[in-house]
Amino acid sequence: MDSSPIDAFGRRKHKLSKRQKSNKEGQDLTSNLPNHVIGHILSFLPTKEAIHTSVLSKRWLYLGTFITGLNFDDRDFYYSSCTIRKKSFIDFVDRALLHWNSGGFQSVSLALLETYDSSCIKKWISVVLNLRIKKLCVNLQNELAVSSDAFFKCRFLEELILNRFAITVSSFVCLSSLSSLTILKLCRTKISCDSSNESETLTLNFPALRKYETLDCTWSGVKSVTLQVPLLEVVSIKYTSVSRDSHVEIKFYASRLTKFCYSGFVLDTILLDTDSLASADISLYNNEKSLQEIGMFVSKLLSIYPESLKLCVCIKQFVLAGSKHHFTDIPPFGMLSYLELNFVGCEYLLSILLKTPCLKTLVLKVCHC
């Protein structure tokens, strides 16, 4: 008589043998996933490792064709001498791009620690942009000089991240062709105008941009930069060095801007044409700028801000002993009602309070004078 238990539906439950349990526990659940899901998972691996999964079984032989993102990193080739390693990496990238030239990729990442011929890198960038990808990240150890046409005429690109580039922008180029770009991150990148720009002004139009971030990004051959960014929500600008003497006025026409962050040394003049800003975080370092100059920098940002703005200001490395600064020359801080100050001296604090007649809330961390 069968003594197997009965389930709630009146069906008899059969016990699994030890061998059946072992097979069930060792089942390859990943291989049972749909092809596009496996391809998405493989996209998070370095491309070299993702390709190696094809040796697992016949099931995995062609799953590489479902990869949605390519990640090329020359650190994955550190098993041999420098010459052989660089040649192996170049051959690998060339073969991969040739093999997947018609693939449906969404993103490509290229990270290079070694020095390569510029024509080789430009060729790779050109190939991947022709694949109509949505995200491109290029991280270089040595600066690469390119024309703006290399990136700014790709209407499918949604996210662009560049590190160590020198981009020459023609005054006749139509940058609005980057009609889908929503995120732009530039690190240690130099943007310059060609010699045909006699007015020394540059206007960039990014109709879909929502996030703009720069780290030690410099401008050359231009005195004024205007960014037409109607959908922009976040701006983050950071300078970690004072290695340049040029001064640029950067204007943001961003009616939807809600968050602004500026960190580091005062190098440029930033103007924001917006009435929607909700918070501003400003952390400044004194690089032999007078307090009047720093006050002018901050007050220009505040000149059109609403009363509800939440502002955090941090000013570091001031030497107040024997100071020659004229604190009364600091311009008014507009209609500001909330202010957070960190690491400011007593004299500067007093001058700010005298210039903020509408201030309702003050959060203060005072340094010793």
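Colleague: What makes the pair Lys135 and Glu159 a salt bridge?

Modeller: The closest N and O atoms of Lys135 and Glu159 are 3.9 Å apart. A salt bridge requires a side-chain nitrogen of Lys or Arg within 4 Å of a carboxyl oxygen of Asp or Glu, so the pair Lys135 and Glu159 qualifies. This is a predicted model, in which local features need pLDDT of at least 70 and side-chain atom pairs count only at pLDDT 80 or more, while totals for chains, interfaces and linings use all residues. Residues are numbered from 1 along each chain as its sequence is written, and side-chain values use heavy atoms, without hydrogens and water.

Colleague: Why is Glu159 called buried?

Modeller: Its relative accessible area is 17%; buried means under 20%, exposed over 50% and partly exposed in between (1.4 Å probe, protein chains only). Glu159 is therefore buried, whereas Lys135, at 33%, counts as partly exposed.

Colleague: How do you know that Lys123 and Asp94 form a salt bridge?

Modeller: Their closest N and O atoms are 3.2 Å apart, which meets the salt-bridge criterion. Lys123 lies in helix α5 (residues 118-130) and Asp94 in helix α4 (residues 82-99), so the pair ties together parts that are 29 residues apart in sequence. Helices are DSSP runs (H or I, at least four residues), numbered from the N terminus.

Colleague: Why is Asp94 called partly exposed?

Modeller: Asp94 has a relative accessible area of 26%, and therefore falls between the buried and exposed limits. Lys123, at 40%, also counts as partly exposed.

Colleague: How many salt bridges does a search of the whole structure find?

Modeller: The search finds 7.

Note on methods. Helix = DSSP H or I, 4+ residues; strand = E, 2+ residues; numbered from the N terminus.
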